[in-house]
Each structure stands twice: as structure tokens, then as C-alpha cells.
Amino acid sequence: MKCVIREWKIEDKKELAENLNNKNVLNNLRDGLPYPYTEEDAAFYINMMLSADKDKTFAFAITVDDKVIGSIGVFRQDNIHNRTAELGYYIGEAHWGKGYMTSAVKQICDYVFNNTDIIRIFAEPFSYNIGSCRVLEKSGFTYEGTLKNNAYKNGRFLDMKMYARVKCFPKESDISKYLAYDDVIDWDNAKIKKLADDLWEKADSKLAFIKDAYEYVRDNISHSADVGEDVLTCSASEVLKEGHGICFAKSHLLAAILRAKSIPAGLCYQKLILDDEIVPVLVYHGLNAVYLEECNKWIRLDARSNKEGVNAQFSIEEEQLAFPIHPELGEEDGYMIYASPDEKILEKFKNNKTRSELWKDLPTELAEK
């Protein structure tokens, strides 16, 4: 059965009360909810949500076959945090473990990101609530750290985990800049245009073309380090000619192929540990973002070649990039979408003659964050 979130109706009060009048549910929530939880309490809450500021409160019933099984809401923060919102949710105990909560979280995040200017949604489950943590992880949230003794509930101090999901967003307001030609994303090159034409002809939709272009670069253009190539490629045309490139170079080629068919594409950067054991140094990693007109949103794609331990995939709903982010190790995700390659990145290509030279001098900072 399918889970759907929808606006509250006062008629939902009976089912809401039935699901929340349960100590096992309440023990995972913040204090302030009455117990026993009555239909009158439910009616009060529903009316409060229906009359709330629609720009600050996004509250929905979680339903299956239009029967209420839980509640979910995203609440905009104040002051300098007004582009951030907190996520809260619960589901009746009889419905635990069926995937409904994960579906509801994905739905509300998509709604908020697609209909508001909020760019970050966070949640703070109790550390012991493994099920809630798994829901967030499966819904595209990243674990950011543990808040020690952050709550006092039922007579004891409790740790809470901080999870967040951040919307990728373009640095430039003019989307035409994500179609531009330059010396690095040189999409007007004849061979790039021919490749784009060939992929376009085989695809049955624009979305299929984007997927095919991504998979072409991921699977047919080798990562230079994986295959031991020392020729250093940077521009899209160089990468296509040589058939290999490192992460930044491959992202330049994918952007060029997409732009050749007037599809806005940009660049993102993550800060990652190069090698946990051999070279535990934080360096930048390059990937792409592409605008899906039919979905009215940007998605990130990582065309770094797959190998053992790396399984990047094309996905509209849930990102599957090459590398997980480990904030506790100092790694940083990058949600800003740049229209052109970062100058500090390009300097490294100019200052090193071979891939092995560059490997000893990988970028550790961006010109503009």
C-alpha cells in the first residue's frame, strides 16, 4: 500500500489520537504532548496546524488509503536561520518497519525544496532511536554529529544525533550561464557535438539523454588514476580525445555534452580524504549538477568511474554519489553549483604537467566557496 502525505482535516482527529495515544510513540518525541492523548487534543493540534503561517509551517498527515497513520512537519527557523527548517515526525506503532516513514520524509523534503526558499532541513533523533536514524539516512540525510546530553527526558540525559539534507543550489541566478562555452567546457568542439547528437538520437526523452550522457562519461571515459594514465587532461575535448581524466576533467566533459543540447549543467566540489590510511589529506573532488526542467530542480551526479567500493548511479529522487561524506573526519559536502570551473582547481592543472605530478599537488582550497 502506498503512503501519501496530505493536508490535515478536522475529521482526522480520531485516527490521530489512536496513533499518538501510545507511550512507545511518545517516548521518542519531545515532551509537551498530553497522555492520554484524546480526540480533543488531536482537534486542537489539527486546528493549530491549519491556521499556522503557511510560509513557516508545513504540516501534513501521513496516510495509507487516506487513513491517518502518523504526522510529519517541517518548521522554518528564525532570524539568520530562516532558510533552514527542522523536521519532526512520528508514525503509529502498528505501522513501524513498513517503509511508510521513509516515504513520507522523502515526500515532505521534495515538497519543501520545490516550493520554498528553504535549502537545509535538519532533524535531531535520539541516538538510541536507530529506526529513526535509518529513516533519515535512507531519505538522503547526512549524519553531521552527535549532540551529547542534549536532552533530558524520562529522568535521564540523552544524546541526540544531528542529520541534515541540503538542497543543491546554483551560484548564478542567470541560468544561461550554465549553458556557456569556455576553454574548459568547450562544448562547441565538433567531436563533443557529434557525441551529444548520437546520444540524443538514441534517447527517447530529454531525461533519458541526461542519464545516457552521464553513464557514457562514467563508464566509457576512464578515471586516469584507475588505469594508470599519466597524460593530464582538463578540457572536455581533451578528455574525450584521450578517453580518460580525473574527477574534475570528467565533470567538464559531462557538462559540455549536456550544454551541447542546451541542458543547463554546472560543477560542484566536495572536500574528501584522499586515502584514509595512505594519504589522510583533505582534497577537493569534482562532480556535476544538472537542471531537470521537467522536475524543476537540480540534481547532482558523480561521473567518477565506478570500481570496488565506488558505486555512483543516476538518480532523481535519492542521490547515489561516488563517496559518502564523513563530517567527523573533516570532510565537507558541496551544494553550491558553479557555472564555470574554480580558478584554484584550474591553477593545479596549469602548474602540473602530468597526472602523477598533480596527484602530489591536488587542490585543497577553492578560489570561491
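Predicted model: local features only at pLDDT ≥ 70, side-chain atom pairs only at ≥ 80, totals over all residues.

Reader: In which sense do strand β3 and strand β4 pair, and over how many bridges?

Author: Strand β3, residues 67-76, and strand β4, residues 84-91, are antiparallel partners, with seven bridges between them.

Reader: What is the order of the strands in the open sheet?

Author: The order is β1-β2-β3-β4-β5-β7-β6, seven strands in all, and the pairing is mixed. The edges are formed by β1 (3-6) and β6 (142-153), each of which pairs on one side only. From one strand to the next, the twist averages 30°.

Reader: How many helices and strands does the protein have as a whole?

Author: Its secondary structure comprises 11 helices and 14 strands. Of its 369 residues, 48% are buried. Among contacts between residues at least 6 apart in sequence, 63% join residues at least 24 apart.

Reader: Which two residues does a cis peptide bond join?

Author: The bond lies between Y35 and P36, with omega at about 0°. P36 belongs to the loop between α2 (23-26) and α3 (39-50).

Reader: What is the phi of D66, and where does D66 lie?

Author: D66 is not a glycine, yet its phi is positive, about 65°. D66 is located in the loop between β2 (57-64) and β3. Because its relative accessibility is 44%, D66 counts as partly exposed.

Reader: And N79: is this residue buried or exposed?

Author: N79 is exposed, because its relative accessible area is 64% and the cut-off for that class is over 50%. Its phi is near 55°, again a positive value in a residue other than glycine. N79 sits in the loop between β3 and β4, the two strands that pair in the antiparallel sense.

Reader: Finally, how are the charged side chains to be read?

Author: One counts both sets and then compares their centres. The protein has 48 positive and 61 negative side chains, with the two centres 1 Å apart. The accessible surface comes to about 18,100 Å², and carbon and sulfur atoms account for 48% of that area.

Methods
Residues numbered from 1 in each chain as written. Heavy atoms only, no water. Pairing = 2+ DSSP bridges. Helix = DSSP H or I, 4+ residues; strand = E, 2+ residues; numbered from the N terminus. Axes fitted to C-alpha atoms, helices over the stretch in contact; angles between N-to-C directions. Buried < 20%, exposed > 50% of the residue type's maximum accessible area, 1.4 Å probe, protein only. Contact = heavy atoms within 4.5 Å. Areas by Shrake-Rupley, 256 points an atom, 1.4 Å probe, with all protein chains shown as cover. Lys, Arg positive; Asp, Glu negative; His and termini not counted. Charge placed at Lys NZ, Arg CZ, Asp CG, Glu CD.
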